[in-house]
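User: Could you walk me through this one? I'd like to begin with how the chains meet and then jump around a bit.

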Amino acid sequence: MATLKLKDINKIYPNGVQAVFDFNLDIRDKEFIVFVGPSGCGKSTTLRMIAGLEEISSGELYIDDELVNDKAPKDRNIAMVFQSYALYPHMTVYDNMAFGLKLRKMPKDVINEKVQEAAEILGLTPYLKRKPKALSGGQRQRVALGRAIVRNAKVFLMDEPLSNLDAKLRVQMRGELIKLHNKIETTTIYVTHDQIEAMTMASRIVVMKDGYIMQVGAPKEIYDNPNNLFVAGFIGTPPMNFITGSVNGKQIFTSGNHTIKVPDDKFEIIKQNAMIDKEIVLGIRPEDIHDEEVVMEAYPGAVLDIIVDVAELLGSETNIYTSINGHNVCASINARSGVRIGDKMKLALDMNKCHFFDPQSEQRLVFDQNKDVKAKRTKKEEVQE
Amino acid sequence: MRKRIDNVYRYIIIEGKKPIIEQVNMIESLFSEFMVITSITHDDYHVFITYEQEIDISFLDVILNISSDIFNDLRIYVSHYLDDLDRFKHQAYVLSKMKDIPFNKYVYIDDKVLLKTHLDVIDDELKRFILKKYAQDTLMHETIKGYLECNQNMVLAAKKLYVHRNTLIQRIEKFYQVTGFDIRQFQDAYLIYHFVK
C-alpha cells in the first residue's frame, strides 16, 4: 500500500510532441484512481511514466514520499496488468502466477505460499494445475490479476485490462475487481476510455483531454458538478444535452422559439458571471427531463413542446431524441409512457439540476461566495459613504 | 492446418525498447520450454532465435507476459518459412524496416505488418523479401494478377488464364506456402496486388 504524488509531470517525446502537460495529483493510500479520457489524451502515457516504462521529461514522481524518477521500474515495487489478459500459454495457472517471483529468485516455499494465497483470494485454487486454454475468459483475467497480486506490490497499474473481454464478462469483472480491491486494499491506478468503468469502479476519477487534467473528483461529484463542457459531455450515458441560447434580465433563457424560466439561484450565478444577454450554453442530463404531469406543474416555466424524432425503448426507460433549435436533445423517460416516433409531446426540464456554461471558456458558471461577500461589502460601504 | 514445405526454418526477433541483454538467459530458457531452438544470438536490444518446427503457442501472449515481468516494452518479429535465403541478410533487412515502425504500434510483427507499413516504397529488395523465389517469376505474377482482376473468381480466372482450375488452385496454394500471403483473403490480396499490377 502506498501514496503517490505526481508533481508538475510533463511528457515530451523526442519528436517534440507533448503528451502530458503539468500533471499534478496526490493519490492517497488504498485509493482506486481511474484515469479516463478519449484516445490520445495521455492517460496511458501517464501510467507508463509511473511504471517507469516511459521517462518523465520534467516533474517529480514520489511513491511513499520517495522520489522515484530515476529508479528502475523493477525497483519501484509496482505491478502492472496490461491491456491484454495474456498468460504464458504453455504454463499452468500456478506457474503463470509464480513466474515473476521465480525471476526475482524467491525461495520456492515463499513462492508457493504467495501463489496459494493469491489463488485463494481469486478463487483459483481448483484451477492451479490447468493451462490457460482450459480456462474461461474471466478465469484467465483473474490469473492475470493473480500475477500482479503475488508480487505484493505497493501499487497496481492497470491499462485497460477489461478491454478485450465481451460486454457481459466486462460487467462481471468490474464487480470482481472492486471486490478484490476492497479485499487487498492496494493503491490502484486504472486506465480506461470507458466512462462507465470509471464511474462504477473509482474512488476518484481523473478526467483527461489532450494531455491536460480536466477534473479530479469522486464519480458523483464529477457527474453532478462537471467543471466544463468536455467533462459534462464525456461523463454520462446518454451524454448531457447542450442547448445554446441566452438569458435576459427577466430570468428567461431563450433558444430559438423555445423559452425557459431560469430559477433564482441559477440566475444569480449567471448575473454574477456577467453573462446576461450573452450567448450561454444550458446543460441538462437526459434523466432530468421529464414527461410527468407533476414535474410540469412544478416547473411550469420550463415546459417545451417537442416532436419525437427517435424513441429507443430500453426496457425500464425510453430514450427519446428531439431537436431544440437545432440541438439534438435526449430525454430518458419512463417506458410506460409508450412514446412513438413523430409524437407531439411536452417535456419539463428540472431546472434545479441544469448547468450553465460559458461557450468561450467552456467552463461551468459557478457562484463565487467571495465575490458575493466583496460585492455586498462594497455596496454597504457605498451606502455608508 | 496447412501442410508446410520441408527443409525450411523460421526465426524470431525479440526487440526491447530498453536493453534486454540481462534477460537473454531467461528468454532462452522460457522459449526452450515450448520450442526446439536451433540457434540463439543476441545484441544489447535484440534476441534472435531460429527454430524449425511448427509452434502452437501465441508468441504475442508470451511477449506481453515477459514485458510485464521484466518492465520493458518488447516486440516480436516472426518470420515466414525460409529456405535458400541468407538468414543474416534477411535479419538485417527486417531490422532496418522495423526501425520505421513506431515501437508501441505493433507488439507482434510479421511480413504482413512490415509490408503494410512499407507499402508506399516497393523496391526490388522489398519485392525479393515479400515474394521470395517468386520475385522474378512472371508466370506467377500473371497468374496472381489474372486471379485478382477476376475478383478472386477461380473459375473465371482459370478460363482467362487458359489453365485448369486445379492448376490455379495449386499455384495460389504454393504461393501461400512460400510467402505466407494467402491471396484468397482480401487483406493479403490487397497487399500483394501492389507487386503484380
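Analyst: Buried area, as used here, is the accessible area (1.4 Å probe) that two parts lose on being put together, summed over both. By that definition chain A and chain B bury about 1900 Å² between them, with 60% of it on carbon and sulfur atoms. This is a predicted model, in which local features need pLDDT of at least 70 and side-chain atom pairs count only at pLDDT 80 or more, whereas totals for chains, interfaces and linings use all residues. Residues are numbered from 1 along each chain as its sequence is written, chains are lettered from A and ligands numbered from 1 in the order in which they are written, and side-chain values use heavy atoms, with hydrogens and water left out.

User: How many residues does each chain bring to the contact?

Analyst: Chain A gives 24 residues and chain B gives 21 residues, where contact means heavy atoms within 4.5 Å.

User: And how many salt bridges are there across that interface?

Analyst: The rule finds four salt bridges between chain A and chain B, a salt bridge being a side-chain nitrogen of Lys or Arg within 4 Å of a carboxyl oxygen of Asp or Glu. One of the pairs is A:Arg147 with B:Asp69, whose side chains meet at 3.1 Å, N to O.

User: Which elements of chain A face chain B there?

Analyst: Those giving two or more residues to that side of chain A are helix H1 (43-51), strand S6 (78-81) and helix H2 (93-103); helices (H or I, at least four residues) and strands (E, at least two) are DSSP runs, numbered from the N terminus. The residues on this side of chain A divide into 14 nonpolar, four polar and six charged, where Ala, Val, Leu, Ile, Met, Phe, Trp, Tyr, Cys and Pro count as nonpolar, Asp, Glu, Lys and Arg as charged, and the others, Gly among them, as polar.

User: Staying with H1(A), how many of its residues are buried?

Analyst: Eight of the nine residues of H1(A) are buried, so this helix is largely enclosed by the rest of the structure; buried means under 20% relative accessible area, exposed over 50%, and partly exposed in between (1.4 Å probe, protein chains only). The buried residues include A:Lys43, A:Arg48 and A:Met49. Just after H1(A), A:Gly52 takes a positive phi of about 95 degrees.

User: OK, what about pairs within a single chain?

Analyst: In chain A, A:Glu60 and A:Lys7 form a salt bridge, their closest N and O atoms being 3.9 Å apart. A:Glu60 lies in strand S4 (residues 58-63) and A:Lys7 in strand S1 (residues 4-12), so the pair ties together parts that are 53 residues apart in sequence. A:Glu60 is partly exposed, with a relative accessible area of 29%, and A:Lys7 is also partly exposed, at 35%.
In chain B, B:Asp111 forms a salt bridge with B:Lys132, with the closest N and O atoms 3.4 Å apart. B:Asp111 lies in helix H4 (residues 111-118) and B:Lys132 in the loop between helix H5 (124-131) and helix H6 (138-149), so this pair ties together parts that are 21 residues apart in sequence.

User: Are those two chain B residues, B:Asp111 and B:Lys132, buried or exposed?

Analyst: Both B:Asp111 and B:Lys132 are buried.

User: What does chain B look like overall?

Analyst: Chain B has nine helices and five strands, and along the sequence they follow the pattern β-α-β-β-α-β-α-β-α-α-α-α-α-α. The radius of gyration of chain B, taken over C-alpha atoms, is 18 Å, close to the 16 Å that the globule rule (2.2 Å times the number of residues to the power 0.38) gives for 197 residues, so chain B is as compact as a globular protein of that length. The C-alpha trace of chain B spans about 60 × 35 × 25 Å along its principal axes, and 51% of the 197 residues count as buried.

User: Last one: where is A:Ser332 found, and what does its side chain pair with?

Analyst: A:Ser332 is found in strand S19 (residues 327-334) of chain A and counts as buried at 13% relative accessibility. The side chain of A:Ser332 makes a polar contact of 2.7 Å with that of A:Asn319; a polar contact is a pair of N or O atoms within 3.5 Å, and within protein one must be able to donate a hydrogen and the other to accept it, while residues adjacent in sequence count only if both atoms are side-chain atoms.
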